[in-house]
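Hi everyone, thanks for coming.

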Amino acid sequence: MTVDANLGGSAEAVSASELAEIGLRYEVDGAIATITLDRPDKRNAQTFATWSALARIGEHIPDQVRIVVVKGEGPSFSAGIDLRMFTPEGVPGQGSFVSAASLGETTFERRIADAQRGFLWLRRPDIVSIAAVHGHAIGAGFQLALACDLRVVAEDVKFCMKEPALGLVPDLTGTKPLVELVGLPRAIELCLTARVVGAEEAVRLGLAELAVPAGELAQAVQDLAGALLATDRGAATATKRLLQGALGRSLEEQAIAERREQIVRIRTLFASG
Ligand code: ACO
C-alpha cells in the first residue's frame, strides 16, 4: 500500500501538492518511506524549501517506518544547491546568499541550522536511511547522500564536493561523515580539489556500500531494505545507537555502553511478568 503525504494534517504538515511545488515526493509503504528529489529538469537542485520540507518530513515520519530511502528522479541524484542562490535575485520567496550576507550573526547561524535540520534526522537510531545515488551528486547532493546511514550507488554515479571550489565550505552536515568514511587526508583531497569520484572508487573508499548497474539500483535498495527489516527493531535501534557512539568513546566506555544496551535487550526478551 502506498500512503502519500499528508503528514498528519498538523499546521507543520507538508501536503503532497506543497512537496510537488518544492520538487519532492514522499511515500510511505509499510515500514519503508521513500523521499524522491523530483525536479529532474533542474537536476534536482536543492533550495531552502527543500531542506525545510525534509526537516518536516523527518518530524512527521510515522512510527511504523524503519527504513528511509532517499533518491533522485531523472538523470542526476542532485546537482547541489540551486545556483540561483548565488545571484542577487535568488530563489523567489527564499532570498539568496547575496541578501543573506548582510544578516546578523545569530539570524544567519539560525538560518543555516534550519537547513541542517533537513539532514540530521536521517541519522536517528530508530531508522536506517539509505541513499540510492545515481548520476551527479554534487555539493548539497553529495552531502545529502552522506547524511544517510548507507549509500547504494549506480555505476554512473559522480560524487563531487564542489563547495570549496565556489569559495564556500560544505555546511550541510557532510564534513563529519566524509572524514569518518574516507579519513582526514582523503577528505581534504576530495574537498579541496572538488574532483569527481565514480562508483568503483566510491566503494573502495567506503563512500558507498555497493555499486550496481543503473537499471538494478532500485532492486538493490529494495533487497537491502528487506535484509535490514529482517532484524528485530529494538535490537536494530540499540545496535545502531551503540555503533554511532563508538567513535566518540574509549574502549572502556564503549564496553559500559554495550553492557547497558544488552541489559535492556535481555530484560525485554526474557524477563517474565
Ligand atoms: N541549480 C540550478 N539549476 C541547475 C543546477 C543547479 N545546481 N544544476 C543544473 N541546473 C539546471 C541547468 O541550469 C539546466 O537548466 P535549463 O534546462 O533551464 O537550462 C538544467 O538543470 C540541466 O542542466 P545541464 O547543465 O544542461 O545538465 P547536464 O546533464 O549537462 O549537466 C551537471 C549536469 C553536471 C550537474 C550540471 O548541470 C552542473 O554542473 N550543475 C551545477 C552543479 C553545481 O555547481 N552545484 C552547486 C554545488 S555547491 C553546493 O551544492 C552548496
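**Around the ligand**

Let's start here: Lys-162 puts a polar side-chain atom 2.9 Å from an oxygen atom of the ligand. That's a polar contact, meaning a pair of N or O atoms within 3.5 Å; within protein, one must be able to donate a hydrogen and the other to accept it, and residues adjacent in sequence count only if both atoms are side-chain atoms. Of the 940 Å² of accessible area that the ligand has on its own, the protein covers 63% (Shrake-Rupley method, 1.4 Å probe; for residues, only the protein chains shown count as cover).

Before I go on, this is a predicted model: local features need pLDDT of at least 70, side-chain atom pairs count only at pLDDT 80 or more, and totals for chains, interfaces and linings use all residues. Residues are numbered from 1 along each chain as its sequence is written, and side-chain values use heavy atoms, with hydrogens and water left out.

Back to the ligand. Arg-43 has a polar side-chain atom 3.2 Å from a ligand oxygen atom, and a polar backbone atom of Ala-79 is 2.8 Å from a nitrogen atom of the ligand.

Now the whole chain. How many helices and strands does the protein chain have? There are 11 helices and 9 strands, counted as DSSP runs numbered from the N terminus (helices: H or I, at least four residues; strands: E, at least two). The C-alpha atoms fill a box of roughly 65 × 45 × 45 Å along the principal axes. And the chain exposes about 13600 Å², with carbon and sulfur atoms supplying 58% of it.
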